[in-house]
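Have the model open alongside as you read.

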Amino acid sequence: MPTVDEIIGRYREVEQQIATIDEEAKARTTPLKAQLDVMEKWISAKSLQDGWESQRTKHGTVYFAPTARCSVADWDSVLNFVRSNGAWDLFTHAVNKQAVTQYLDVHKTLPPGVNYAVIRTMHLRKPSIKE
């Protein structure tokens, strides 16, 4: 039967193999991704120049669709707006894990309506280098 030390040693070997493969894959795919980026920009410019939003080819159909992105520029303004207008749907349904943990540490209870769990996960530190 193997020892914990032997299994951790093998674990490290497999981690290194994965890291090596990931590095090799990244080195091989980075220039290809750069080519894709150039081609995407060319197709986008061509569609604007020619005035089309989709184009069917024998290799597939390219089309453009809007993608919305938003972020908060001023939290105080947003929060005041949400409170004043009851626009709570502007927020997602999530709480800040770090803030909840700190609240729990101080108050020894959770804020109302919040679930909290601590899950046991395995971590493995590299051995320290001895000189």
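## A pair in the helix: D37 and K41

Let's start with D37 and K41, whose side chains meet in a salt bridge at 3.0 Å, N to O. The term here means a side-chain nitrogen of Lys or Arg within 4 Å of a carboxyl oxygen of Asp or Glu. Both residues sit in helix α1, 4 residues apart, or about one turn of the helix. Helices here are DSSP runs of H or I with at least four residues, numbered from the N terminus.

The two partners fall into separate accessibility classes: D37 is partly exposed at 34% relative accessible area, while K41 counts as exposed at 55%. For those labels, buried is under 20% relative accessible area, exposed is over 50%, and partly exposed lies in between (1.4 Å probe, protein chains only).

## How the model was handled

Keep in mind that this is a predicted model, where local features need pLDDT of at least 70 and side-chain atom pairs count only at pLDDT 80 or more, whereas totals for chains, interfaces and linings use all residues. Residues are numbered from 1 along each chain as its sequence is written, and side-chain values use heavy atoms, with hydrogens and water left out.

How many salt bridges does the structure hold? The count is 4, and the D37 and K41 pair is one of them.

R10 and E13 make another, with their side chains meeting at 3.1 Å, N to O. They are 3 residues apart in helix α1, which spans residues 4–50, so about one helical turn separates them. R10 is partly exposed at 43% relative accessible area, and E13 also gets the partly exposed label, at 44%.

Then there's K46 with D50, a salt bridge at 3.0 Å, N to O. Here the spacing is 4 residues within helix α1, again about one helical turn. K46 counts as partly exposed at 29% relative accessibility, and D50 is partly exposed too, with a relative accessible area of 42%.

Now for the backbone. Which residue has a positive phi although it is not a glycine? That would be K108, with a phi of about 60 degrees.

As for where to look, K108 lies in the segment after α3, the helix covering 97–107. K108 is exposed, with a relative accessible area of 66%.

Definitions and conventions:
Helices (H or I, at least four residues) and strands (E, at least two) are DSSP runs, numbered from the N terminus.
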